[in-house]
Amino acid sequence: MKHRSQKSIALLTISAFVLASCGGGGGSSGGGGGGGPVTVTPTPSPTPTPTAGCALAARQGFAKAVIDEWYLFPNDVASGVNPASFTSVQSYIDALVAPARALGKDRFFTYITSIAEENAFFASGSSAGFGIRLTYDAAGQRVLIAEAYETAPAFAAGIDRGTAIVGIGTNSGNIRSIASIVAAEGTAGITNALGPSDPGVTRVLRITDGAGTRDLTVAKADYDLDPISDRYGAKIITESGRSYGYLNLRTFISSANPQLRSAFLNFRNQGVTDVIIDFRYNGGGLVSTAELMGDLLGRNRTASELYSQTNFRASKSVENDRHFFTAQPESIAPTRIAFIGTGSTASASELVINSMLPYLGTNMTLVGSNTFGKPVGQIALDKAECDDRMRVVAFATGNATGASDYYDGLAPKIANSCAASDDLSLPLGDAREASVRAAIDFLAGASCTTRIADASVGPAAHRSDVRVLAEPEMLIPDQPSAAQREMPGLF
């Protein structure tokens with residue numbers, strides 16, 4: 001595969017296993033309160049065409065060949081691993097890259113996935129499910145909605161940010177409380193109880209919100225993940241005679257590009273130079289969209305100024321790439337930027353933050369909590385006849401100074417980072433919401449009271465019936481879909 005085509009689909013994604021303890025696979029959940037057991041059918045894996053070329057050994061051989069040729073850390077690949085000892089392609093991959101994983105370089109970033117499923121997601125955000133992002137509130141023994149997608153079934157049923165799910169069933173007679181599910185199966189039981197991400201799968205959700213507690217029957221369906229919400233995704237916040245641009249990008253997919261251009265054109269037309277970029281749940285996506293975002297922030301940059309660099313292993317150095325700022329008709333010249341992040345902020349999001357740091361310095365901050373820490377990216381190589389796409393860590397990303405060592409997250413690199421919670425009692429983009437409030441205060445010239453590195457760890461206090469989360473614990477299944485890899489907590 002030639003470099004330009006690689007680069008067009010190169011991904012920077014959060015590991016779907018960073019919260020593996022919160023994940024779940026298929027199977028049958030045990031009995032509990034509220035009726036009998038909830039039987040769950042596991043999500044089927046893509047079924048390869050039954051040819052000799054798609055036998056397990058052939059598929060494992062394909063994965064090994066990709067790793068041998070492209071893996072960014074060739075000296076950290078295990079030798080002598082017998083593929084016959086493994087019953088799946090992924091378990092074989094995991095064994096091969098185990099040395100790099102032990103060093104913290106590859107936290108389940110190298111994996112096999114479905115070509116068809118991934119193409120559908122990256123082209124338009126196509127997915128199937130309820131269309132909500134879920135966090136687990138251990139103190140309250142409930143699941144809280146961090147975000148709801150406007151075109152999806154849950155939002156149509158009246159479920160939105162801040163709603164609490166306190167019970168799950170397949171019908172009104174077998175609803176089990178979240179507490180009983182977790183007591184029996186751990187948090188994996190929650191993802192089991194929610195069922196596979198297939199259209200038509202129906203669950204009865206017992207929810208609590210401002211209107212009280214009630215049961216809602218919601219069926220999963222295909223829907224498009226709008227990268228920038230029409231409700232709050234791009235707006236101007238005016239306060240004390242000053243205007244601030246607010247942008248919440250959910251994921252880096254190609255359908256985000258025209259929306260980004262539109263948002264920045266509005267900022268430009270309104271004379272906005274102080275910007276809040278909310279990446280709190282953004283797990284990554286396409287490098288090309290991250291580069292466009294840099295260009296839209298580079299009206300005052302020249303074509304000789306480096307935005308980001310992509311570096312492959314020594315044997316593939318011909319593939320190395322440099323992206324210089326290329327101002328667009330919609331570009332703005334930011335004076336100050338406040339990025340909002342959490343542990344779910346990864347990869348392409350981190351690329352943007354890291355790339356702007358050399359140019360803004362102390363005129364830039366990270367608000368919220370520390371980012372995930374993924375300064376590497378994958379390329380895709382396909383075994384099309386089997387619907388196999390190998391996502392292999394193949395390159396590292398750096399900024400204009402070459403800084404690319406943020407495996408521990410970006411907060412330690414940003415001296416004036418500012419700790420803030422994720423207030424689920426208020427809409428995203430609301431000037432009163434804790435992280436948005438801290439971002440506005442920074443842009444207005446106020447000092448931060450607590451740096452992220454100095455913030456205490458642990459649950460925050462309750463506010464009314466909705467928890468204020470210092471660090472949302474996203475629910476992620478053990479075997480996530482393409483959308484779930486990019487958008488932690490999506491169901």
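# Disulfides, rings and buried faces

Guide: Cys386 has a relative accessible area of 1% and is buried.

Visitor: Why is Cys386 called buried?

Guide: The term means under 20% relative accessible area; exposed means over 50%, and partly exposed is in between (1.4 Å probe, protein chains only). Cys386 has 1%, so it is buried. This is a predicted model: local features need pLDDT of at least 70, side-chain atom pairs count only at pLDDT 80 or more, and totals for chains, interfaces and linings use all residues. Residues are numbered from 1 along each chain as its sequence is written, and side-chain values use heavy atoms, with hydrogens and water left out.

Visitor: How do you know that Cys54 and Cys386 form a disulfide?

Guide: Two cysteine sulfur atoms within 2.5 Å count as one. Here the S to S distance is 2.0 Å. The pair therefore qualifies.

Visitor: What makes the disulfide of Cys54 and Cys386 left-handed or right-handed?

Guide: The torsion about its S-S bond is about -100°, so it is left-handed.

Visitor: Are Cys418 and Cys448 buried or partly exposed, and why?

Guide: Cys418 has a relative accessible area of 9%, so it is buried. Cys448 reaches 32%, so it counts as partly exposed.

Visitor: How many aromatic pairs does the structure hold?

Guide: It holds 11. One of them is Phe86 with Tyr92: centres 6.0 Å apart, planes at 50°.

Visitor: Why is the pair of Phe86 and Tyr92 called tilted?

Guide: Rings of Phe, Tyr and Trp (its six-membered ring) pair if their centres lie within 6.5 Å; planes under 30 degrees apart count as stacked, over 60 as edge-to-face and the rest as tilted. At 50°, the pair falls in the rest, so it is tilted. Phe86 is partly exposed at 23% relative accessibility, whereas Tyr92 is buried at 4%.

Visitor: What makes Phe325 and Tyr359 edge-to-face?

Guide: Their planes are 85° apart, with 5.2 Å centre to centre. Phe325 sits in the loop between strand S18 (321-324) and strand S19 (336-341), and Tyr359 in helix H11 (residues 348-360), 34 residues apart. Phe325 is buried, at 2%.

Visitor: How do you know that the charged end of Lys316 sits over the ring of Trp70?

Guide: The rule asks for NZ of Lys or CZ of Arg within 6 Å of the ring centre and within 35 degrees of the ring normal. The charged end of Lys316 is 4.0 Å from the centre of the Trp70 ring. Lys220 lies over the face of Phe130, at 4.9 Å. Trp70 also belongs to one aromatic cluster with Phe312 and Phe395.

Visitor: Which residues of helix H5 are buried, and how do they lie around its axis?

Guide: In H5 (residues 115-124) they are Ile115, Glu118, Phe121 and Phe122. They fall within an arc of 135°, taken over the directions from the helix axis to the C-beta atoms, so they line one face. After H5 comes Gly125, with a positive phi near 80°.

Visitor: What makes strand S6 mostly covered?

Guide: Six of its six residues (132-137) are buried. Ile132, Leu134 and Tyr136 point one way; Arg133, Thr135 and Asp137 point the other.

Visitor: How do you know that S6 pairs with strand S7?

Guide: Pairing needs at least two bridges found by DSSP. Six bridges join S6 to S7 (residues 142-148), and the strands run antiparallel. Asp137 has Arg142 of S7 as its bridge partner. The two strands form a hairpin with four residues between them, and Gln141 in the turn has a positive phi of about 50°.
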